[in-house]
Amino acid sequence: MKKSVFVFTFVLILFITSISSGEKNKPYGYTGSSICAACHTDEYNTWKTSKHALEFKPGTQDSQNCLICHSTGLNLTSKEPVEKNIGCEACHGPGEYHVKSGGEAGSIISDNSADICGRCHNGNSSEDLTALLSFKPGMKLSEIINLNLIDVSPDKTVPFYKDIHPSLTYNMWRSSGHSKAPGRNTEINNKNHEGPVTCSVCHNPHNSSNPSQLVMDSEKLCRECHFQGSVLKGYGAKGIEETRSLHTAMPCTACHMTEKNHLMKMIRPDDPDLSEDRLDSCCDCHEVKDRKMRAKQLLDMEAWYNESFEPLIQSLKSLKKKLDTDPELVTPEFKNILHEIDSNLAIIIKDGSNGVHNLDYALEIMYRAKRQLKKIKKGLK
């Protein structure tokens with residue numbers, strides 16, 4: 001007998017045994033994670049080491065509402081779940097048909113949809129949490145009637161709700177740049193991903209040895225897609241030596257994930273909507289928690305950057321306009337200098353931090369560009 005046939009026969013026997021053993025409270029189509037283990041041994045063993053696999057033990061809270069997320073296959077009649085943890089079928093859907101079909105790929109849900117995670121990792125204002133029970137993997141959260149997700153604006157600081165559970169993780173992601181660009185193609189940790197950067201792109205849903213079940217070290221993970229790491233380190237610009245700054249040693253998450261912020265935008269100390277009991281991204285890191293002082297430092301950095309950048313850009317445009325009117329003035333040397341200026345300035349423009357990531361590096365780039373422009377203008381006289 002072939003191994004695949006043997007395994008399938010074994011799984012089917014387990015499944016039939018589980019049904020005949022008196023498990024009458026199982027909702028239609030659920031088998032339990034132990035059935036999955038026979039074929040998906042590695043995934044099952046990895047999942048068993050995760051927090052998802054831990055048995056939920058309610059305290060004094062309303063345990064029935066808790067079980068909506070902290071269990072798998074909750075039976076509304078008996079109030080008993082198939083599993084008192086987040087089992088395989090919580091994310092992949094009921095597995096009975098998958099077992100009976102011999103493991104056909106199309107008979108089970110297996111995708112990277114953020115809605116699967118968002119079913120539980122969301123903040124909602126619905127008084128009827130049982131609305132979440134209508135969700136099955138493969139659906140969109142927007143299809144759930146009476147589920148009112150707390151709105152997160154991409155242009156404002158993430159709202160704060162004291163003791164909210166679950167958190168606003170999905171709500172923040174939905175408003176972030178990670179949820180956009182459906183045609184995006186990225187490669188992270190040697191694995192190709194198409195479309196939005198969903199939860200499972202960064203987090204291993206089964207488990208991993210990294211904090212927060214990340215697929216790799218958080219700093220390396222950010223830099224798989226974002227080039228700003230080179231700006232923080234101060235390298236990459238032509239003619240500029242490596243230039244470090246006070247933020248060079250800071251990890252991306254320190255500023256962009258304050259309060260586990262999945263909107264990925266720093267919380268500014270000068271935000272007028274920020275309540276006094278919250279820490280902005282600057283004060284969260286610096287020992288002196290003086291919001292006014294930190295706001296002034298931030299504004300000073302941005303002002304210093306803009307005071308150098310804006311006149312430089314105008315001067316560059318003016319020079320290019322002059323050269324366009326008389327192409328014969330553009331010598332090979334001038335062409336190479338202009339190419340270097342454009343290439344270097346593109347680094348700090350695409351960086352988008354207005355110098356906050358590495359002000360010294362940005363100023364070095366601009367000072368060099370300024371000197372180069374003077375050289376071209378002098379040569380035109």
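1. Let us start with a term: a residue is called buried when its relative accessible area is under 20%, exposed when over 50%, and partly exposed in between (1.4 Å probe, protein chains only). By that rule Trp47, at 5% relative accessibility, is buried. Of the 381 residues of the chain, 41% count as buried.

2. A word on the model before we go further. It is predicted, so to speak of a local feature pLDDT must be at least 70, and side-chain atom pairs count only at pLDDT 80 or more, while totals for chains, interfaces and linings use all residues. Residues are numbered from 1 along each chain as its sequence is written, and side-chain values use heavy atoms, with hydrogens and water left out.

3. Now the overall build. The chain has 16 helices and two strands; these are DSSP runs numbered from the N terminus, with helices (H or I) of at least four residues and strands (E) of at least two. The radius of gyration is 27 Å, well over the 21 Å that the globule rule gives for 381 residues, so the chain is more spread out than a compact globule. That radius is taken over C-alpha atoms, and the rule is 2.2 Å times the number of residues to the power 0.38. Along its principal axes, the C-alpha trace spans about 95 × 55 × 35 Å.

4. Contact here means heavy atoms within 4.5 Å.

5. Next, the aromatic rings. The structure holds three aromatic pairs. In the pair of Tyr44 and Trp47, the ring centres are 5.5 Å apart and the planes are at 45°, so this pair is tilted. For reference, rings of Phe, Tyr and Trp (its six-membered ring) pair if their centres lie within 6.5 Å; planes under 30 degrees apart are stacked, over 60 edge-to-face, and the rest tilted. Tyr44 and Trp47 are three residues apart in helix H3 (residues 41-48), so about one helical turn separates them. Tyr44 is buried too, with a relative accessible area of 17%.

6. Helix H8 (residues 169-175) holds another pair: Tyr170 and Trp173 are three residues apart there, separated by about one helical turn. Their ring centres lie 5.8 Å apart with planes at 35°, so this pair is tilted. Tyr170 is buried at 8% relative accessible area, and Trp173 is buried at 12%.

7. Have a look at the loop between helix H7 (114-118) and H8, where Val158 sits. Is Val158 buried or exposed? Val158 is buried, with a relative accessible area of 8%. Leaving aside residues up to four places away in sequence, Val158 touches Val152, Leu168, Met172, Asn261, Leu263 and Arg278. Met172 is 14 residues from Val158 in sequence, and their C-alpha atoms are 7.4 Å apart. Pro166 is also in the loop between H7 and H8, and a cis peptide bond, with omega about 0°, joins His165 and Pro166.

8. Finally, two backbone details. Asn190 has a positive phi of about 65° although it is not a glycine. Asn190 lies in the loop between strand S1 (185-188) and strand S2 (191-194) and is exposed at 72% relative accessibility. Ser212, another residue other than glycine, has a positive phi near 60°. Ser212 is in the loop between helix H9 (199-202) and helix H10 (218-223) and is exposed, with a relative accessible area of 57%.
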